[in-house]
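Student: Hey, can we go through this one together? I'd like to start with what the words mean before we look at anything.

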Amino acid sequence: MEISITVNGRSYTREVAPMRTLVEFLREDLDLTGTHIGCDTTSCGACTVTLDGRAVKSCTVLAVQADGGEVTTIEGLSENGTMHPIQQAFKENHGLQCGFCTPGMVMVAADILKNNPHPTEEEIRHGLEGNFCRCTGYHNIVKSIQHASEALN
Amino acid sequence: MGEFIGKPIKRREDNRFLKGKGRYTDDIKLPGMTFAAFVRSPYAHARINKIQTGPAAKSDGVLAIYTGEDVGNYGVPCGWQVNFKNGDTMKEPPHPLLAVGKARHVGENVAVVIAESLQQARDAAELVEVDYDELPAVTNPKKAVEEGAPLVHDDAPRNMVFDWEIGNPKNEVDDAMKNADHMTRLTFRNQRLAPNAIETRTYLANYDINDDKWTLYTSTQNPHLIRLLMCAFVLGIPEHKVRVISQDVGGGFGSKIYHYTEEALLTWATKELGRPVKWTADRSEAFMTDAHGRDYDTTAEMGFDSKGKIVALRVHSEANLGAYLSTFSTACPTYLHGTLAQGCYTTPLIHIDVTGVFTNTNPVDAYRGAGRPEMTYILEHLMDTAALEMKIDPAELRFRNFIPAFDGVEQPGYQTQVALQYDSGDYKATLERALEMAGYKDLRAQQKASRENGQLLGIGLSTYIEGCGIAPSAVVGSLGARAGLYEVGHVRVQPTGKVTVFTGTHSHGQGHETSFAQFVADRLGIPIDDVDIVHGDTNEVAFGMGTYGSRSLAVGGSAIVKSVDKIIEKGARIAAHKLEAAVEDLNYSDGKWTVKGTDKSISFGDVSLTAYVPHDYPAGEEPGLDFSSFYDPVNFTFPFGAHIAVVEVDKETGKVDLKRFIACDDVGNVINPMIVDGQIHGGVAQGVGQALLEGVEYDENGQMITGSYMDYAMPRADDLPFFETDRKVTPCPHNPLGVKGAGEAGAIGSTPAVSNAVMDALSPFGVKDIQMPLTPEKVWRAMNEG
């Protein structure tokens, strides 16, 4: 099936198999390998991207469902090589270690802060419920999002 | 201390990770790349009668299907030999790349399908028909050693891999235990855990027929070790023609140390096929086949005198090693476990007895802490239980038993009853600080008040020691290791004075690119941006043993320091020539050699250039400024610390709420406190996971019933509080940086602190012990069913 998707501001028209997931489309067809796959049950959140402004787990969206949509991936968050304030906050606060869950964490953080610019610690932790990190114990991820909240406002 | 050591320098590797430009193995695409999918045993124990590959082979895009018969007798080895008490060699049956004749655990590779696309490979794998006869399986290690239990391997009677002991003569320990004024006895289960790095294992093998060379991209913690094992002990291919590359790796926690069958199989298959072959585990495969951690059944007794001093410790464990011996599996329940039984205490008599057992389950190996968390859980659970029984405050009981402080310089190291000699320690200091951070007295008062209000507040303590900086080669060699455990550090000064450091350790989250640059820049007195760290490629790094056992800085860092010092020493000879002075009259600091008492100096950059443009040069001196060193430590390092957990148990539901977690650790000198704190946080979260949430379960038939994130409870952000951390610094006396290692500390100390806190909360119900994980159901039952 032919689909047209805008990814990080660029439009693509591609032929895809009906069962191709959005994450496969991003990684395999567009070579946007910043979006990672960590599970097969929509549990880990490593593949989180935004679709039409909402955070989604791209392993559980078919590429055809995103037809006509606008997708932002981790690669689209920084502009001209300059990190977005959320990315910067993760760096400043050591909000990542191995980096594998990080793209999903940053994308979900963007979603949390978009919907709630001044979240409490509890709201941040609740917002991260669908994203696993095995390295940081979430301590510095929560701190990073708190600092990003300040930086963005 | 210089400009960078001890500073929370932000990590340079974050730039690529945060922008989605990490270089993980699954991100790599090669021209002509093909994809593998495995046919795995659905049975825990089964005879394989026949494998029908015909229909699958005709499926779209299929290039090859291989079974055990095609691959032949290749098998992956175990890296550590542990003998039976009677001197017999441990049982070490072959671990084939693809099952031959029999499958011995659910998920074992039975066949592999290689196709043009991943989907085609997976579809075709579904069409491979295997005719099995299911056989009786055994999953419980205690049942496995009973007479008449099903045999996992015909030549391992009673499924025993080894039986092993360490410590004082058993009769002396038994006598002391008999004469003790108080004895605390507990049975434990250190449950099986799935390491769960968020990046699953992933391999890409490529054979170049023209050069007769292989490249294996792999998500490993130790590329050189994989190359050595695979070339010399599995496939018999020439080591110098194999390049192993492990760039960014998405977490390891031990599970990516080992040489796995799929790695060797892909390396074999790429030559057969003449095309690159990739395989990335899905999460179900990761649950079934990544080496698991823990899984010990233990009975332990601690004897005390009337003053609360420990007089004896006796431990017997069955360690479940699964169906095959993984690379370091046999070392974990023995030399990384029994040797930690001294803990931080002066226990005069200790006997540890461990039986390693085969079962029809996935192999078990080191997982963050590897044997040490299990022993710490045993000791610390005994301590808090004994404190309750003897009506002594658990902090006070520990103070009565601590080994007095020793720095390993003025005071000698501490000789334990279980073979090791601790390097330096001040156990009292970390516990005092942790108690202070917790506000311990107030907490106890608060607990008393809350109990009167019917609330269940619990406070749990844990003081731990760990053996890290793995390891002195001769020592581990005498204990059965089949490898040396030194490290390699290569420092190449470029003609412009810029420095490239090649380390045999591997970073999969630890931030070596930053922290290693910090101490190199300081020691050379040059800007940190002039130092680049390279790891993870056998063609770039001369050799190395990789990263595990909190060894990278203590062993790998020391190797780099040796090379840096050789550079400064040679540089001094070049500088002396240029400055027309004697080497003894020079002083090196701030990146330049200065003639003492004068302002005559030459910079590191000028000496570097001179070394590569040796026109005006000392006679007989080789050009260049490039040194590689091997560092073999003289001892392990022994970090330690004190952890305190505060929990509240919901009386109605049994849910445990972790309110606070306090950690005061001593990991020796610290290069980057931000990174060390991060390591502690992550370790603590995994330890809390073991205490409250996680556990791999097999049913009686050997089916894994926790094979996905829907069934296996990973710690989430809202399960955890902010952690309160601080540290003390007792330098390691035997390595040049004075560092001890921080990777595993959090996971070692935290589990018993949390479980002790839950037991403390439940003490009004007379509950002494519940087996981990302390789920709401178990806690509720303990409160309501006694």
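This is a predicted model: local features need pLDDT of at least 70, side-chain atom pairs count only at pLDDT 80 or more; totals for chains, interfaces and linings use all residues.

Student: Which residues does Phe765(B) touch?

Tutor: Leaving out residues up to four places away in sequence, Phe765(B) touches Ala782(B) and Met783(B). There's also a distance for Pro394(B): 371 residues away along the chain, with 19 Å between its C-alpha and that of Phe765(B).

Student: Switching to chain A. What's helix α3(A) like?

Tutor: Helix α3 of chain A runs over residues 102-115, so to speak a 14-residue helix, and spans 20 Å from first C-alpha to last, close to the 20 Å expected at 1.5 Å a residue.

Student: How many residues of α3(A) are buried?

Tutor: 11 of its 14, so α3(A) is mostly covered. Among the buried ones are Met105(A), Val106(A), Ile112(A) and Leu113(A).

Student: What do those buried residues pack against?

Tutor: In chain A, they pack against β3 (48-51), β4 (54-57), α2 (85-92), α4 (121-127) and α5 (139-152). From chain B, α1 (14-18) joins in.

Student: Oh, the other chain! How many residues does each chain put into the contact?

Tutor: Chain B gives 40 residues and chain A gives 41. On the chain B side, α1, α9 (283-289) and α18 (673-693) each supply at least two residues. α18(B) gives the most, with six.

Student: What classes of residue are on that side of chain B?

Tutor: The side of chain B that touches chain A has 17 nonpolar, 12 polar and 11 charged residues.

Student: Now the sheet in chain B. What's the strand order?

Tutor: The order is β7-β15-β14-β13-β8, five strands in an open sheet with mixed pairing. At the edges are β7 (160-167) and β8 (182-193), each pairing on one side only. Ignoring direction, neighbouring strands are turned by 10 degrees against each other on average.

Student: How do β8(B) and β13(B) pair?

Tutor: β8(B) pairs with β13(B), residues 293-304, in the antiparallel sense over 11 bridges. Thr187(B), for one, has Thr299(B) in β13(B) as its bridge partner.

Student: Which strands does helix α6(B) lie across?

Tutor: Helix α6 of chain B, residues 170-178, lies across β8, β13, β14 (310-322) and β15 (350-358), and runs at about 125 degrees to β14(B).

Student: Last one: what domains does chain B have?

Tutor: The domain assignment gives domain 1 (14-135 + 199-250 + 256-289), domain 2 (370-466 + 636-785) and domain 3 (486-631). The C-alpha centres of domain 1 and domain 2 of chain B are 37 Å apart. Their contact takes eight residues from domain 1 and eight from domain 2.

Technical notes
Residues are numbered from 1 along each chain as its sequence is written. Chains are lettered from A and ligands numbered from 1 in the order in which they are written. Domain bounds come from an automatic or database domain assignment. Two residues are in contact if their C-beta atoms, placed from the backbone, lie within 7 Å. Helices (H or I, at least four residues) and strands (E, at least two) are DSSP runs, numbered from the N terminus. The expected span of a helix is 1.5 Å times one less than its number of residues. A residue is buried if 20 or more other C-beta atoms lie within 10 Å of its own, exposed if 12 or fewer, and partly exposed in between; C-beta atoms are placed from the backbone. Ala, Val, Leu, Ile, Met, Phe, Trp, Tyr, Cys and Pro count as nonpolar, Asp, Glu, Lys and Arg as charged, and the others, Gly among them, as polar. Two strands pair if DSSP finds at least two bridges between them. Axes are lines fitted to C-alpha atoms, for helices over the stretch in contact, and angles run from 0 to 180 degrees between N-to-C directions.
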